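Colleague: Could you take me through the nonpolar core of this model, and the ring pairing inside it? I would enjoy a close look at that one part, with a few words on its surroundings.

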Amino acid sequence: AVSAPLSAPKVISAPVSQTVTEGMTVTFTAEISANPTPTYRWKKSGVSVFDGGNVSGATTNKLTIRNVTLEQAGSYGLYAVNNVGRVMSSYATLTVNALAIAPAIT
């Protein structure tokens, strides 16, 4: 069997910006080609450098955020690394609209 040549991660498709209403679920996907298979980290731009901007638990090429909050609005990108190289996708913007609340008579 001939093994595939080693290759550094390369972005095939980047995540796409999306707009949702708070409380909804949103999924970002990026496609990366690499050999060997890279490890993935989703990053949120503008997040404190102390946590490296990593999105907790987001270690596949898909990022799903359930029950989106206004605080989660921002830009998300996928970082991929293997022993040949590394790549960062472009960032996709998540816009979160506030849930419209019907006026109440007080």
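Modeller: Gladly! A residue counts as buried here when its relative accessible area is under 20%, and as exposed when that value is over 50%. Please keep in mind that this is a predicted model.

The largest nonpolar core has 19 residues, and the members that touch the most others are F28, W42, L63, Y76 and L94. Several strands supply this core with two or more residues each: β3 (26–29), β5 (39–44), β6 (62–65), β7 (74–81) and β9 (92–97). As general background, nonpolar side chains in soluble globular proteins tend to be buried together.

If we set aside neighbours within four places in sequence, L63 is in contact with V26, T27, F28, W42, V55, A58 and Y76.

Now to the rings. A pair of aromatic rings is described by the distance of the centres and the angle of the planes. The structure holds 1 aromatic pair. It is formed by F28 and Y76, with 5.8 Å from centre to centre and 25 degrees between the planes. Planes under 30 degrees apart count as stacked, and the F28 and Y76 pair is stacked. Because F28 lies in strand β3 and Y76 in strand β7, the pair ties together parts that are 48 residues apart in sequence.

In the loop between β4 (31–35) and β5 we find P36, and a cis peptide bond joins N35 and P36, with omega at about 0 degrees. The loop between β6 and β7 holds N67. Although N67 is not a glycine, its phi is positive, at about 50 degrees. N67 has 53% relative accessibility, so it counts as exposed.

The C-alpha atoms of I105 and S89 are separated by 48 Å, while the two residues are 16 residues apart along the chain.

Key:
Residues are numbered from 1 along each chain as its sequence is written. This is a predicted model: local features need pLDDT of at least 70, side-chain atom pairs count only at pLDDT 80 or more; totals for chains, interfaces and linings use all residues. Side-chain values use heavy atoms; hydrogens and water are left out. A nonpolar core is a set of buried Ala, Val, Leu, Ile, Met, Phe, Trp, Tyr and Cys residues joined through side-chain atoms within 4.5 Å. Buried means under 20% relative accessible area, exposed over 50%, partly exposed in between (1.4 Å probe, protein chains only). Helices (H or I, at least four residues) and strands (E, at least two) are DSSP runs, numbered from the N terminus. Contact means heavy atoms within 4.5 Å. Rings of Phe, Tyr and Trp (its six-membered ring) pair if their centres lie within 6.5 Å; planes under 30 degrees apart count as stacked, over 60 as edge-to-face and the rest as tilted.
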